Amino acid sequence: MPAALALIFAVAPASAPALASEPDALDRAAVLEDLQVVRTQYLPREMAYAPATRALAEAQLDALERRAGELTAAQFLAGLSLVAGLADNAHSTLRQRNGAWKLDARLPLRLLWLPDALIVARAHGEHADLAGARVLKVEGRSTEALYAGAKALLGGNDAYRRQALPDHIELAGILHALQLAESPDRLALTLRLADGRTVERSVPMVAASTLGAVADYDRLWSPEPLAGEDGWATALDAGAIPLYLREADLPFRAVPLPELRAHYLQFRSNSDMDGHPIADFLKDAGEAIASARPTHLVVDLRFNTGGNLGLTLDFMRGLADMVPGRTWLLVGPYTFSAGIISAAAIKQGGDRVTIVGDGLGDRLHFWSEGARIELPNSGYAFRYTDGQFNLAEGCTGEPACFDDLHPVNVNRVPLEPDIRAPLTVEAYLAGRDPAMEAVREAIQAADEGL
């Protein structure tokens, strides 16, 4: 709460004059019209707010209204993000769509916040030498100090905030709006390059149109080129990457692992994606497992960011029964939403399921579902939430409890890793997969003990 209070008036306070290099202020009437929509249509529908945080969100809107006519697009976006962040719920988000106030400049770098470091996953043009570098400081601040100053832009647990925050860091003007950067159009970085050298670099923002394709943060882990991507250097060599990063544009994959007498299933989504019907995949995967008759399953949900839980729930519940041996369930900070529901459904298999990896990408008590509220002028949209999940304790009888509406019932199963194997920066840059290494060691140790 103190951090949220401190940030309510951090969006370019009236006492701080605008820099000459800042973009023009937005039209006052248009800003006020958008804020009225937030106040009358988003706030009443968003159920994740507690009474205190709802009051803080209203105070943030008051502050923005007082500054209408002075705010730049970046300041307005930062201010609205704080409104959404005060819900402290990862599904309660502010989105940009193509529109009049869409920010059109960003860093020529793509950043990834791994569990133990902030790194440059991709670097464009003249900054290509920064690919794979660790970010030590931003505008003279340590990455932990940067996180402390900017995390209120988002809700959810620390794992979710860290993975999503780079999208805000990369946008021109956002850190400046929070008084975390001196200029809206460049960032001063201290980095440790792959060869161990430490360098200082002032990186200017560039027109987003010059950068081509921009991947979602979960897709950035894989160095495989994106459609339309040109001029980007990657932290990893696309020709030598571990299993979990291969075929990065496929939403689901099945790979036999005969050396482990196992079958590997990877779910990056729980929905139909880009011509890949998930029902067809589930049917084919089930038939392949029945035919190959593996002893073990490895189910990788580490990059399952969600989707339609109803499409996969029954399949996930039955996975542990498909093999006579152990089901190894891989989870991590990108396991989110329906991905978490899937993990809980698989873990209902009991002691035959071993969880390997890192902490999840959200709390076990969260709000989801809902819809978007489009703002008429700015091109921004709030996603409100009106469906409650509580996997830790259940929520039957509480407002909008999803278990009261649908037979999900995956509550009260342990989801902490039995074997902790996070994807650290050292492992990632070395092209290693600690979770699969742990699974391999455990299977081999069990075989030797027979």
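The radius of gyration used here is taken over C-alpha atoms, and the globule rule is 2.2 Å times the number of residues to the power 0.38. For the 450 residues of the protein chain, this rule places a compact globule near 22 Å; the chain has a radius of gyration of 23 Å, which agrees. The model is predicted. Along the principal axes, the C-alpha atoms of the protein chain fill a box of roughly 75 × 55 × 40 Å.

The protein chain contains 13 helices and 20 strands. Of its 450 residues, 56% are buried. The accessible surface of the protein chain amounts to about 18,500 Å², with carbon and sulfur atoms supplying 51% of that area. Among contacts with a separation of 6 or more, 70% are made by residues 24 or more positions apart.

Three strands, in the order β1-β18-β17, form an open sheet with antiparallel pairing. Strands β1 (93–96) and β17 (371–374) stand at the edges; each has a single partner strand, so one side of each is left without a neighbour in the sheet. On average, and with direction ignored, neighbouring strands of this sheet are turned by 30° against each other. Strands of a sheet pair through backbone hydrogen bonds, in either a parallel or an antiparallel arrangement. Between β17 and β18 (residues 380–384), the antiparallel pairing extends over four bridges. Within this part of the sheet, E374 stands opposite A381 in β18.

With neighbours within four places in sequence left aside, A213 is in contact with L226, A227, G228, E229 and W232. A separate C-alpha to C-alpha comparison pairs A213 with G306: the two residues are 93 residues apart in sequence and 22 Å apart in space.

Terms used. Residues are numbered from 1 along each chain as its sequence is written. This is a predicted model: local features need pLDDT of at least 70, side-chain atom pairs count only at pLDDT 80 or more; totals for chains, interfaces and linings use all residues. Side-chain values use heavy atoms; hydrogens and water are left out. Two strands pair if DSSP finds at least two bridges between them. Helices (H or I, at least four residues) and strands (E, at least two) are DSSP runs, numbered from the N terminus. Axes are lines fitted to C-alpha atoms, for helices over the stretch in contact, and angles run from 0 to 180 degrees between N-to-C directions. Contact means heavy atoms within 4.5 Å. Buried means under 20% relative accessible area, exposed over 50%, partly exposed in between (1.4 Å probe, protein chains only). Accessible areas come from the Shrake-Rupley method with a 1.4 Å probe; for residues, only the protein chains shown count as cover.
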